[in-house]
Amino acid sequence: GWLLSLMDNAAGLTAARRAKGRAVTVAMDGMVFHQPVKVGDEVSVYTDIERVGRTSMVIEVEAWRRERHCEDSTKVTEAKFTFVAIDEQGRPRAVEPE
């Protein structure tokens with residue numbers, strides 16, 4: 001759950017920047033665990049916007065770990081998160097084109 005939370009937070013920050021405002025998670029797809037994360041590992045999370053619709057965005061997220069005393073990183077999991085931009089009343093709103 002901790003790693004999923006990190007990934008959702010990272011994707012949420014990316015979605016909020018792209019939406020220029022609030023965005024909420026509506027789905028998470030394709031979660032694949034490749035390797036475990038161990039206590040003491042450094043974890044890095046990377047995001048990439050895959051697709052932007054009228055109100056929604058799909059954000060690809062990868063989590064990588066680096067053992068404390070090593071230089072090599074290993075991808076531990078990946079998933080796609082879907083976010084919807086919302087207004088002050090919590091209703092979907094349009095995402096501005098870039």
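1. **What covers the helix.** Strands E1 (23–33), E2 (42–52), E3 (56–66) and E4 (73–85) are among the elements that cover the buried residues of helix H1. Helices (H or I, at least four residues) and strands (E, at least two) are DSSP runs, numbered from the N terminus. Buried means under 20% relative accessible area, exposed means over 50%, and partly exposed lies in between (1.4 Å probe, protein chains only). Contact means heavy atoms within 4.5 Å.

2. **Basis of the note.** This is a predicted model, in which local features need pLDDT of at least 70 and side-chain atom pairs count only at pLDDT 80 or more, while totals for chains, interfaces and linings use all residues. Residues are numbered from 1 along each chain as its sequence is written, and side-chain values use heavy atoms, with hydrogens and water left out.

3. **Overall layout.** The protein has one helix and four strands. Along the sequence the pattern is α-β-β-β-β. The C-alpha trace spans about 45 × 25 × 20 Å along its principal axes. Of the 98 residues, 31% are buried. Take the contacts between residues at least 6 apart in sequence: 67% of them join residues at least 24 apart.

4. **Helix H1.** Does the length of H1 agree or disagree with its residue count? It agrees: the 18 residues (2–19) should span 26 Å at 1.5 Å a residue, and the end C-alpha atoms are 25 Å apart. The expected span is 1.5 Å times one less than the number of residues. The buried residues of H1 are Leu 3, Met 7, Ala 10, Ala 11, Gly 12, Thr 14, Ala 15, Arg 18 and Ala 19.

5. Lys 20 sits in the loop between H1 and E1. Its phi is near 55°, a positive value in a residue other than glycine. Most residues other than glycine have a negative phi. Lys 20 counts as exposed because its relative accessible area is 61%.

6. **The sheet.** Four strands form an open sheet in the order E1-E4-E3-E2, with antiparallel pairing. E1 and E2 are the edge strands; each has a single partner strand, so one side of each is left without a neighbour in the sheet. From one strand to the next, the twist averages 25°. H1 packs on this sheet and touches E1, E2, E3 and E4. The direction of H1 makes about 50° with that of E4. Axes are lines fitted to C-alpha atoms, for helices over the stretch in contact, and angles run from 0 to 180 degrees between N-to-C directions.

7. **Strand pairings.** Two strands pair if DSSP finds at least two bridges between them. E1 and E4 are joined by eight bridges. In that pair, Ala 27 stands opposite Thr 82, and Thr 25 has Phe 83 as its bridge partner. E3 and E4 are joined by 11 bridges, with Ala 63 opposite Thr 77. E2 and E3 pair over 10 bridges, with Glu 42 opposite Arg 66.

8. **Hairpins.** How many residues lie between E3 and E4 in their hairpin? Six. The hairpin from E2 to E3 runs through three residues.

9. **The core.** The largest nonpolar core holds 16 residues. Met 7, Met 57, Ile 59, Phe 81 and Phe 83 have the most contacts inside it. H1, E3 and E4 are the elements that give two or more residues to this core. A nonpolar core is a set of buried Ala, Val, Leu, Ile, Met, Phe, Trp, Tyr and Cys residues joined through side-chain atoms within 4.5 Å. In soluble globular proteins, nonpolar side chains tend to be buried together.

10. **Arg 65.** In E4, Thr 74 stands opposite Arg 65. Beyond neighbours within four places in sequence, the contacts of Arg 65 include Gln 35, Val 37, Asp 41, Glu 42, Asp 72, Ser 73 and Val 76.
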